[in-house]
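Dear colleague,

I am handing over the structure we spoke about, and below it you will find an account of what turned up when I went through it. Please keep the structure open beside the text as you read.

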Amino acid sequence: MKTFYIETFGCQMNVHDSEKVIGTLMAEGYSQVATPESADLVLYNTCSIRDKAEQKVFSRLQQFKKDHGAGKVFGVLGCVAQQEGHRVFEKAPHVGLVCGSASYNSLPQMLVQLESGARRVTGLSLETEDTFETPFARRDNPHRAYLTIIEGCDKACAYCVVPMTRGPERSRTSDSVIREAHSLAEAGYTEIQLLGQNVNSYRDPSPAGWDFAALLGAMGKVPGIRRVRFTTSHPRDFGKEIIDAMDENPVLCNHVHLPVQSGSTRVLDRMQRLYTRDEYMRRIEWMKRSPRNIAITTDIIVGFPGETDEDFEATMNLLDECGYDSVFSFKYSQRPNTPALRYEDHVPEPVKSARLTALQEKQRTIQIKQNAAAVGTVQEALVEGFNKATGQWIGRTSQNKTLNFIRPREGGESLIGRYLDVQVTRSGPNSLVGESVN
Ligand code: SAH
Ligand code: SF4
Ligand code: F3S
């Protein structure tokens, strides 16, 4: 039996790609093992979004250099593979396979080449209209399933490698998405998370021609599916009809991740984000006016070239205005082949670090306040696990918050996968605590 090991870095798209790669390999007769040492084929599904992420794969490969020649094959998949291409072989000569996400459909053929002794096999074309779909995806979580609706990205944000590492946008047909949702429901999944670098630019390529809001409407009607989430939304393409779809359909969760990147219109313009602060705020207003209690989360980059103290102040006061439920914040990292390379007015590293710390401290206070507002409410939680150390069940709310809770009349049976009503009794900056009421 041929064996493989896979380690995944990066975003949910990568996590789900790995689930599909695993299914594909298993269909080819490979079996998955838990350590690289015991595998014939060692795969790293990589991320290139920031320099640190890229370095990780090369340090992993360095670790196993000595195993080269012992019959092991090393493969680099994902965004670093696509970005570095043949240069991966120069940096790590023991690698045998370099394959970007737009070429995973050809993995079976590439495996045959490797098995018949080929030393260097690549899948690097981005000229594709295909999406990578397989009925064999090996989903990791038994209740929540990822479902890709659109691959690639047609935007050109000045700092970002994704358009180069994942290629042009390709949407799946609405029919195949809805069919997959039905089969996921039949397989026992109750939550679906729709994935795309920019889900709002979803355009059904079939004659039905659905946009994203139409797809959301249909997803909300799949029998057996109790929760539907989606990520990521680009503010420019985020229309009011998405909020309307949420208002109409309780299956669509109370959460929108809407990356802003900066609170300064001047910086947004240099980032080529295609919206102003005011346009972004209009979308926040739509959500705040909705009868649904929508949690809003975002991504922020600090220290983009040319970001002044004033620009950064604008981001800080945007945090107050939006009252985010969670923020993913990063220091700008210079990336190969990106438009921002032309900027020379770099922000010094210590300034970036100070801004990141200040932003995270501010957001922590905002989150304490946001979460405290939930105390006293009853929320539905999907139970995801049990924490032996605290004796608490771990649940997730519709707003995507962690809600740890106890069950006063503990019956001893597993609650994992069930939906329970939980009264929130306490809160912290990153989670809620409560007691189940049913
Ligand atoms: N498609 C999504 C996000 C893609 S990457 C979107 O458009 O929002 C996830 C986050 O990584 C981005 O939102 C951004 O905040 C951050 N990021 C991307 N490139 C970066 C870079 N060069 N340096 C620092 N952070 C970056
Ligand atoms: Fe990158 Fe911008 Fe595309 Fe998001 S929308 S993946 S940040 S280029
Ligand atoms: Fe990273 Fe590629 Fe995702 S660069 S964030 S794995 S799209």
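A crossing of two helices is called right-handed if the near helix is turned clockwise from the far one by less than a right angle, and left-handed if the turn is anticlockwise. Please bear in mind throughout that this is a predicted model.

With that term in hand, I begin with the helix pairs. Two packed helices are described by the angle between their axes and the distance between the axes. The axes of α11 and α12 cross at roughly 15° and come within 11 Å, which makes α11 roughly parallel to α12, since angles under 35 degrees are counted in that way. In this pair α11 passes α12 in a right-handed crossing. On the α11 side the contact is formed by R277, Y280, M281, I284 and K288, and these meet A314, N317, L318, E321 and C322 in α12. Sorted by class, the residues of this contact comprise 6 nonpolar, 1 polar and 3 charged.

Helix α12, which spans residues 309-322, also packs with helix α13, residues 349-372, at an angle of about 15° and with the axes 10 Å apart. That angle makes α12 roughly parallel to α13, and the crossing of the two is right-handed. The residues that α12 brings to this contact are D309, F312, T315, M316, L319 and D320, while α13 supplies R355, A358, L359, K362, Q363 and I366. Here the division by class is 6 nonpolar, 2 polar and 4 charged.

Another packed pair consists of helix α7 (residues 174-186) and helix α8 (residues 212-219), whose axes are 11 Å apart and meet at an angle of about 25°. That makes α7 roughly parallel to α8, and α7 passes α8 in a right-handed crossing. The contact joins S174, V177, I178 and A181 in α7 to L215, A218 and M219 in α8, and by class it holds 6 nonpolar residues, 1 polar residue and no charged residues.

I turn next to the ligands. Ligand 1 is surrounded by 15 residues, of which the closest are Y159, Q197, Q261, D299 and S333.

The shell around ligand 2 is made up of C153, K155, C157, Y159, C160, V162, P163, Q197, H234 and R273. By class, these residues divide into 6 nonpolar, 2 polar and 2 charged.

T231 and T232 are joined by a cis peptide bond, with omega about 5°. T232 lies in the loop between β11 (227-231) and α9 (240-248), and its side chain makes a polar contact with the side chain of T231 at 3.2 Å. Leaving aside neighbours within four places in sequence, T232 is in contact with G196, Q197, N198, V199, H257 and P259. The other place is Q272, found in the loop between α10 (265-270) and α11 (277-289), where phi is near 60°, a positive value in a residue other than glycine.

How values were computed: Residues are numbered from 1 along each chain as its sequence is written. Chains are lettered from A and ligands numbered from 1 in the order in which they are written. This is a predicted model: local features need pLDDT of at least 70, side-chain atom pairs count only at pLDDT 80 or more; totals for chains, interfaces and linings use all residues. Side-chain values use heavy atoms; hydrogens and water are left out. A residue is near a molecule or strand if one of its heavy atoms lies within 4 Å of it. Ala, Val, Leu, Ile, Met, Phe, Trp, Tyr, Cys and Pro count as nonpolar, Asp, Glu, Lys and Arg as charged, and the others, Gly among them, as polar. Axes are lines fitted to C-alpha atoms, for helices over the stretch in contact, and angles run from 0 to 180 degrees between N-to-C directions. Helices (H or I, at least four residues) and strands (E, at least two) are DSSP runs, numbered from the N terminus. Angles under 35 degrees count as roughly parallel, over 145 as roughly antiparallel, 65 to 115 as roughly perpendicular and the rest as oblique. Contact means heavy atoms within 4.5 Å. A polar contact is a pair of N or O atoms within 3.5 Å; within protein, one must be able to donate a hydrogen and the other to accept it, and residues adjacent in sequence count only if both atoms are side-chain atoms.
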